[in-house]
Amino acid sequence: MVSPISIIKNNSFLFKATNIQEVARFLAEHLNTTKYKCYDPIERCYVYDIPFFVGEDEYRFVSPDEIAANRRKELEERDHKNAHRIWLVPANPNEYDIESAFTRYDTLDWKRSYNYENGDILYI
């Protein structure tokens, strides 16, 4: 089955591929890296609409909604590493005023002791 994926770099169209392998080859050449390092960010992006950043550049990989939804269902049913993961992060309100911090700041720095990925869901 052919599943087109478009590459968008900094809100400008860059390339349209017929499958994820072609996207990975193009991106690897474009970034001067191996294609195997490209598969996970590509999949997370087109399935969950999570941008991929390289330095100051933002890459988005876009596929038809039906293709993304089908792949999302496959990933989640198989508990694949690229599926959204849900984490419960304990926090001691006696040491850190979480409620005020979320109200006051747009971004919070948090000690990262697990392998959270962009797109994961965290409950604090």
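Contact here means heavy atoms within 4.5 Å. The model is predicted, so local features need pLDDT of at least 70 and side-chain atom pairs count only at pLDDT 80 or more, while totals for chains, interfaces and linings use all residues. Residues are numbered from 1 along each chain as its sequence is written, and side-chain values use heavy atoms, with hydrogens and water left out.

1. E43. This residue lies in helix α2, residues 39–48. Helices (H or I, at least four residues) and strands (E, at least two) are DSSP runs, numbered from the N terminus. E43 counts as buried because its relative accessibility is 6%; buried means under 20% relative accessible area, exposed over 50%, and partly exposed in between, with a 1.4 Å probe and protein chains only. Apart from neighbours within four places in sequence, E43 contacts I20, Y48, R71, L75, H80 and N82.

2. The core. A nonpolar core is a set of buried Ala, Val, Leu, Ile, Met, Phe, Trp, Tyr and Cys residues joined through side-chain atoms within 4.5 Å. The largest one has 21 residues, and those touching the most other members are I5, V23, L27, C38, I42, Y46 and F61. At least two core residues come from each of β1 (5–9), α1 (20–31), α2, β4 (57–62) and α3 (65–77). In soluble globular proteins, nonpolar side chains tend to be buried together.

3. V23. Not counting residues up to four places away in sequence, V23 touches I5, I7, A17, I42 and F61.

4. Pairing of β4. Two strands pair if DSSP finds at least two bridges between them. β1 and β4 run antiparallel and are joined by four bridges; within this pairing, I7 has F61 of β4 as its bridge partner. Strand β3 (residues 52–54) is also antiparallel to β4, with three bridges, and F53 stands opposite E58 in β4. The hairpin of β3 and β4 has two residues between the strands, and G55 takes a positive phi near 60° there.

5. Pairing of β1 with β2. These strands are antiparallel, with five bridges. S6 stands opposite K16 in β2. Two residues lie between the strands in this hairpin, where N10 takes a positive phi near 50°.

6. S12. This residue belongs to strand β2, residues 12–17. S12 counts as partly exposed because its relative accessibility is 42%. From C-alpha to C-alpha, S12 and Y59 are 9.4 Å apart in space, although 47 residues apart in sequence.
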